[in-house]
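Thanks for coming. I will go through one structure this morning, starting with the overall layout and then moving to a few residues.

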Amino acid sequence: MDGWPVPEEPRRPFWAVSGSGLFAGLLCAAVMAALGLPVGLLWALTAPRLNVRAVLAGSEIVFDAQAGVDVYFAMICAAAGLAGGLLGFWRGRDSGWPAPVGLALGGIGGSLLAGWIGHALRSARAVSQLPEGANSLVVQLVEFRLRSPGFLLVLPTVSLLVLSVLSWLSLFVMPRRE
């Protein structure tokens, strides 16, 4: 059979996906966005607390607390991203592009929601401990919020990384579903 052309399998366009693929992408997006609620609550409950009296007395402890708040957010988002990546692999392994797009967009939405929830739960109490007419710089230092906006990408990035690694490993271990 040398010299004879080998017929190729018909290729479908990249953007063509099945209904189950779209469902997997929407499910990943919804779950990742919904993860923002528990992530925000957990962040608000566990992040380091700031001693407002020490800040008013001139202590520079506020900078340590701010860094700790950001690191706690990143760690909690990394754990949630691991769970999201596992979900994306389980539901959308063979669905094509909707699962990673759902993880990315839902993860960004979930991170924004988590940041907003943490700010809403903790910032007002910290700011209320300041004396009347406090300087705006002091208010900004005391506010509970995420100061490193790059950490908003931890949730979607970890979920996509987990999905990628598991998908790659599955090529060697598991047969593809049709």
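In what order do the elements of the chain run from the N terminus on? They run α-α-α-α-α-α-α. That makes seven helices and zero strands in the chain. Before going further, please keep in mind that this is a predicted model.

Some totals next. The chain has 178 residues, and 34% of them count as buried. The accessible surface of the chain comes to about 11,000 Å², with 68% of that belonging to carbon and sulfur atoms. Then there are the contacts in the chain with a separation of 6 or more: 87% of them are between residues 24 or more positions apart.

The largest nonpolar core holds 21 residues, and the members that touch the most others in it are Val-39, Trp-43, Phe-73 and Cys-77. Which elements give two or more residues to this core? They are helix 1 (19-34), helix 2 (36-46), helix 4 (61-92), helix 5 (98-128) and helix 7 (154-173). Helix 4 supplies the largest share, seven residues. As general background, nonpolar side chains in soluble globular proteins tend to be buried together.

The structure holds two aromatic pairs. In one of them, the ring centres of Trp-43 and Phe-73 are 4.9 Å apart and the planes are at 70°, so this pair is edge-to-face, the cut-off being over 60 degrees. Trp-43 is in helix 2 and Phe-73 is in helix 4, 30 residues apart, so to speak a link between distant parts of the chain. Are these two residues buried or exposed? Trp-43 is buried, with a relative accessible area of 0%, and Phe-73 also counts as buried, at 0% relative accessibility. If we set aside residues up to four places away in sequence, Phe-73 touches Trp-43, Ser-111, Ala-114, Gly-115, Leu-146, Phe-151 and Leu-152.

The other pair is Trp-168 with Phe-172: the ring centres are 5.1 Å apart and the planes are at 80°, so this one is edge-to-face as well. Both residues lie in helix 7, four residues apart, which is about one turn of the helix. Phe-172 counts as exposed because its relative accessibility is 59%, and exposed means over 50%.

That brings me to helix 7 itself. It has 20 residues and reaches 28 Å from its first C-alpha to its last, close to the 28 Å expected at 1.5 Å a residue. The buried residues in helix 7 are Val-154, Leu-155, Pro-156, Ser-159, Val-162, Leu-163 and Ser-170. Take Ser-159 from that list. What is Ser-159 in contact with, leaving aside its neighbours within four places in sequence? The partners are Met-32, Gly-81, Gly-84, Gly-85 and Leu-103. Ser-159 counts as buried, at 0% relative accessibility.

Last, the cysteines. A disulfide is a covalent bond between the sulfur atoms of two cysteines. How many disulfides does a search of the whole structure find? The search finds zero.

How values were computed
Residues numbered from 1 in each chain as written. Heavy atoms only, no water. Buried < 20%, exposed > 50% of the residue type's maximum accessible area, 1.4 Å probe, protein only. Contact = heavy atoms within 4.5 Å. Areas by Shrake-Rupley, 256 points an atom, 1.4 Å probe, with all protein chains shown as cover. Core = buried A, V, L, I, M, F, W, Y, C linked by side-chain atoms within 4.5 Å. Expected span 1.5 Å × (residues − 1). Phe/Tyr/Trp six-rings, centres within 6.5 Å; stacked < 30°, edge-to-face > 60°. Disulfide = S-S within 2.5 Å.
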